[in-house]
Amino acid sequence: MEKRIFLGLGLILGWLLLGGTAEAGPPFVTDDPEVPPVGGWEINIPFTLNRTPGLTQINAPLFDFNYGLPQLQLEFDVPMAVSSDDRKGTNAGLGDLLYGVKWRFFEDEKTQIQFATYPQMFAPTGNYRRGLGGGRPNYILPLLAQKSWDKWTLYGDVGYRLQTALGQQSYWYSGVVLQRDITERLSLGVELFGNTPTVPNGRPDIAFNVGGSLKLQEHLNFIFTAGRDIVGDTHAMLYLGLQIVTK
């Protein structure tokens with residue numbers, strides 16, 4: 001079942017990339033190959049919410065720092081996590097820190113096609129017993145692709161998440177986003193993404209998001225998405241935040 005689901009997602013992504021003859025990334029789950037300009041910062045400060053049966057997980061807020069080098073992006077995330085269990089109550093504190101390096105190894109200005117890889121690591125800084133972290137390191141190993149034309153941007157990723165904590169298992173994931181510049185200040189997009197089971201005897205997930213970016217000032221954007229699962233246990237997802245960009 002899960003193989004058929006991910007074959008379908010892969011075919012959708014491939015068809016879009018071949019048939020598709022703003023700056024991407026946050027607030028969507030799917031990563032993109034874009035990197036900040038050399039010496040420039042992209043700082044995202046969102047409030048995020050994820051509701052599954054019996055559990056609400058919140059970042060209030062998440063501090064997402066990204067710095068640009070030639071064809072590289074350095075990332076460092078600091079989450080202020082809230083975990084609300086319907087039976088055990090609510091806990092809050094520092095979550096798992098995220099470190100990442102994105103390498104855009106291919107960019108063609110004529111065709112506006114880009115490819116990148118984006119290895120990341122979650123450090124177990126959150127309190128596992130209080131539901132604020134994974135308890136063990138987690139690693140993400142993805143491949144990213146993007147195609148732009150006119151006012152449209154299409155990007156997607158395929159990756160593997162290595163989970164080392166007890167009660168979890170490693171899994172494959174994939175996603176695709178189609179985004180359009182509506183005006184000079186507003187862009188909107190739709191996202192489809194999913195993964196194989198993340199725990200033993202679990203089931204795969206497929207979910208969608210809709211959202212975009214609104215330019216408030218020259219270096220300040222409001223970024224937002226909302227969505228839920230199609231297959232799986234995620235009842236609601238929400239991302240509302242500010243994005244600060246320099247250069």
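**Entry 1: salt bridges**

I started with Asp 229, which forms a salt bridge with Arg 228, the closest N and O atoms being 3.0 Å apart. I keep in mind that this is a predicted model. Asp 229 is buried, because its relative accessible area of 10% falls under the 20% cut-off. Arg 228 comes out as partly exposed, at 37% relative accessibility.

How many salt bridges does the structure hold? I get five.

Next I looked up Arg 51, whose side chain meets that of Asp 86 in a salt bridge (2.9 Å, N to O). Arg 51 lies in strand E1 and Asp 86 in the loop between strands E3 and E4, so this pair ties together parts that are 35 residues apart in sequence. I noted Arg 51 as partly exposed, with a relative accessible area of 25%.

Then came Arg 203 and Asp 233, with side chains meeting in a salt bridge at 3.0 Å, N to O. That pair links distant parts of the chain, 30 residues apart: Arg 203 sits in the loop between E11 and E12, Asp 233 in the loop between E13 and E14. Arg 203 is partly exposed at 46% relative accessible area, and Asp 233 is partly exposed at 37%.

I also found Glu 34, Arg 104 and Glu 107 linked in a network of salt bridges.

**Entry 2: the nonpolar patch and Phe 115**

Which residues make the nonpolar surface patch of about 490 Å²? I listed Trp 103, Phe 105, Phe 106, Phe 115 and Leu 143. Strand E5 (residues 97-108) gives the most to the patch, with three residues.

Phe 115 lies in strand E6 (residues 113-117). Phe 115 counts as partly exposed because its relative accessibility is 32%. Leaving out residues up to four places away in sequence, I see Phe 115 touching Pro 33, Trp 103, Arg 104, Phe 105, Phe 106, Leu 144 and Ala 145.

**Entry 3: the core**

I looked up the largest nonpolar core and found five residues: Leu 98, Phe 122, Ile 140, Tyr 171 and Tyr 173. Nonpolar side chains tend to be buried together in soluble globular proteins. Beyond its neighbours within four places in sequence, Phe 122 has contacts that include Leu 98, Ile 140, Pro 137 and Arg 161.

**Entry 4: strands E9 to E11**

I followed E9 (residues 152-163) to E10 (residues 171-181), and the two pair in the antiparallel sense over ten bridges. Tyr 160 stands opposite Trp 172 in E10. E10 also pairs with E11 (residues 186-195), antiparallel again, over nine bridges. Here Leu 178 has Val 190 in E11 as its bridge partner. I traced the link from E10 to E11 as a hairpin through four residues.

Conventions:
Residues are numbered from 1 along each chain as its sequence is written. This is a predicted model: local features need pLDDT of at least 70, side-chain atom pairs count only at pLDDT 80 or more; totals for chains, interfaces and linings use all residues. Side-chain values use heavy atoms; hydrogens and water are left out. Two strands pair if DSSP finds at least two bridges between them. Patches are made of residues with over 30% relative accessible area and no salt bridge: like charges are joined within 9 Å, nonpolar side chains (Val, Leu, Ile, Met, Phe, Trp, Tyr) within 5 Å. Accessible areas come from the Shrake-Rupley method with a 1.4 Å probe; for residues, only the protein chains shown count as cover. A salt bridge is a side-chain nitrogen of Lys or Arg within 4 Å of a carboxyl oxygen of Asp or Glu. Buried means under 20% relative accessible area, exposed over 50%, partly exposed in between (1.4 Å probe, protein chains only). A nonpolar core is a set of buried Ala, Val, Leu, Ile, Met, Phe, Trp, Tyr and Cys residues joined through side-chain atoms within 4.5 Å. Contact means heavy atoms within 4.5 Å.
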